[in-house]
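Here is a short report on a few local features of one protein model. Keep the structure open as you read.

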Amino acid sequence: MKNKLDELFLKKETAKLGGGEQRIKNQHDKGKLTARERIELLVDEGSFDEIGMFVKHRATDFGLDKQNYPGDGVVTGFAKIDGKPVGLFSQDFTVFGGSLSETHAEKIVKIMKLAMKAGIPIIGLNDSGGARIQEGVNSLGGYADIFLLNTLASGVVPQISVILGPCAGGAVYSPAITDFVFMTRKTSHMFVTGPNVVKTVTHEDVTFEDLGGADTHSQKSGVAHFAFDNEIETLSYVKKLLSYIPSNFKEKPSLIEFDFESLKENEKLCSIIPDSPNKPYDMKEVILNLVDDEDFFEVHKYYAENIICGFARIGGMSVGIVANQPQVLAGVLDINASVKSARFIRFCDAFNIPLLVLVDVPGFLPGTEQEWNGIIRHGAKLLFAFSEATVPKVTLITRKAYGGAYDVMNSKHIRGDFNYAWPSAEIAVMGPKGAVEIIFKKEIEASKNPEHELERKLNEYIEKFANPYIAAERGFLDDVIEPKSTKKVLINAFELLKDKVDLNPRKKHNNIPL
């Protein structure tokens, strides 16, 4: 037996070396960790159970029969993160540049299938040069197998993609289907076609970083939800994300003990809204004064900043927050903001995470660029996402709620469970000035002093309509509350709704306006 155990030990140590010590050194020289080092950083110590360590590729063409590494360029298995079981794979760039072969794909698919059966999150650490060219259609078929599993797993278990190196060509579509994409600056890149192909086809000179770097995808394209400076920071935030979400669609997020005795009225909330309705303020200040420990985990922080999305805890309960940001474009809804928030809402709804919606929205962004690029269709995605969501949904209007944007931002009319407003709220078809210019157009024009008449009518309109009380009289608002008492009101609302049941009509699936 001793000889057999020695043989097993030797085989495992060989597999752990991946492509060998020199290639590991090359990986470190690029500022990158190895596949196994990444797993060690991410998971609880000693919790990783590897499967498929001895798998090798089956290809023989182009000299591949003479190059065979145990594991075939991907480390797969199961582990725990803060005690929560997860399935994961970590591509090994030291073996064939992390390229995906038929057996490499089979290992990933096996993990995904087992994770779905077990009802646990799937985490992919991506660092790959793409399909293994020597294998031709076999490697392409492997990608398609993964894409299918990504699609079938969507809404069953959370899927997280962490890009820690190249991710190019067809490989990008697996992360794109998953729920959240993390990237590291300078070392991770995503693109369908690289800089050389771009130059050949379009004659554009572009660097890897500008074409598909972390800042590009977290600020311009919206492909990446998170961008961090190094791998250690990136992996630490993957852990933090997992703390807010359940393991599968049947579970609810975990509760954290909350000291209700410490809950006091917050006078800071009374001074955040400016006296002038046109003066901006930072909605994140409102959020931080409402959530536990002033701890807000923002998603898509640098993309479509006119709307804020992220996770937090209120009274120990995990919630997803969607909030207009008056500090950016006055908090107006545009194409990018609509798509960003719709995607986030649908994730929360899929995994039983209650929604808190903070509203200060003057409407949808006007202009030919928005209309020609489909603001109607994209804005409908946000409306659709809120309307179909059956999780607890609580809305607070802090200031403006104008026009169709009032309806869209989780109004009572689209199944908002509790809808509140601060006394500073203004709910109307449009802003006072525009409304007065339309309603009293003839009177103003006929007046001897049009400017004075406009101001007089404007003051009348503001006094009558620029407040939350007409909506409250109709029952469209459940209450107008004092800002300082908001957190207590929200905690009571979410506590009441914790076992809420709301059903959509039976169907195969809906047809969201993509």
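## A nonpolar surface patch

Start with a term. A patch is made of residues with over 30% relative accessible area and no salt bridge, and nonpolar side chains are joined within 5 Å. The model here is predicted.

Met1, Leu5, Leu8 and Phe54 form such a nonpolar patch on the surface. Together they have about 430 Å² of accessible area. Phe54 sits in the loop between strand 1 (49–51) and strand 2 (74–81). Its relative accessible area is 42%, so Phe54 is partly exposed.

## Two positive phi angles

Glu294 is not a glycine, yet its phi is positive, about 50°. Look for Glu294 in the loop between helix 11 (283–290) and strand 10 (297–299). Glu294 counts as partly exposed because its relative accessibility is 48%.

Arg415 also has a positive phi, near 75°, and is a residue other than glycine. Arg415 is placed in the loop between helix 15 (403–408) and strand 15 (418–421). Its relative accessibility is 26%, so Arg415 counts as partly exposed.

## A histidine in a helix

Now turn to His217, in helix 9 (residues 214–221). Is His217 buried or exposed? His217 is buried, because its relative accessible area is 9% and the cut-off for buried is under 20%.

What joins the side chains of His217 and Ser221? The link is a polar contact of 2.7 Å. His217 also has contacts beyond its neighbours within four places in sequence. Among them are Met183, Met190 and Leu211. Gly212, Gly222, Val223 and Ala224 are in contact with His217 too.

Terms used. Residues numbered from 1 in each chain as written. Predicted model: local features only at pLDDT ≥ 70, side-chain atom pairs only at ≥ 80, totals over all residues. Heavy atoms only, no water. Patch = residues over 30% accessible without salt bridge, like charges linked within 9 Å, V, L, I, M, F, W, Y side chains within 5 Å. Areas by Shrake-Rupley, 256 points an atom, 1.4 Å probe, with all protein chains shown as cover. Salt bridge = Lys/Arg side-chain N within 4 Å of Asp/Glu carboxyl O. Helix = DSSP H or I, 4+ residues; strand = E, 2+ residues; numbered from the N terminus. Buried < 20%, exposed > 50% of the residue type's maximum accessible area, 1.4 Å probe, protein only. Polar contact = N/O pair within 3.5 Å; in protein donor to acceptor, adjacent residues only side chain to side chain. Contact = heavy atoms within 4.5 Å.
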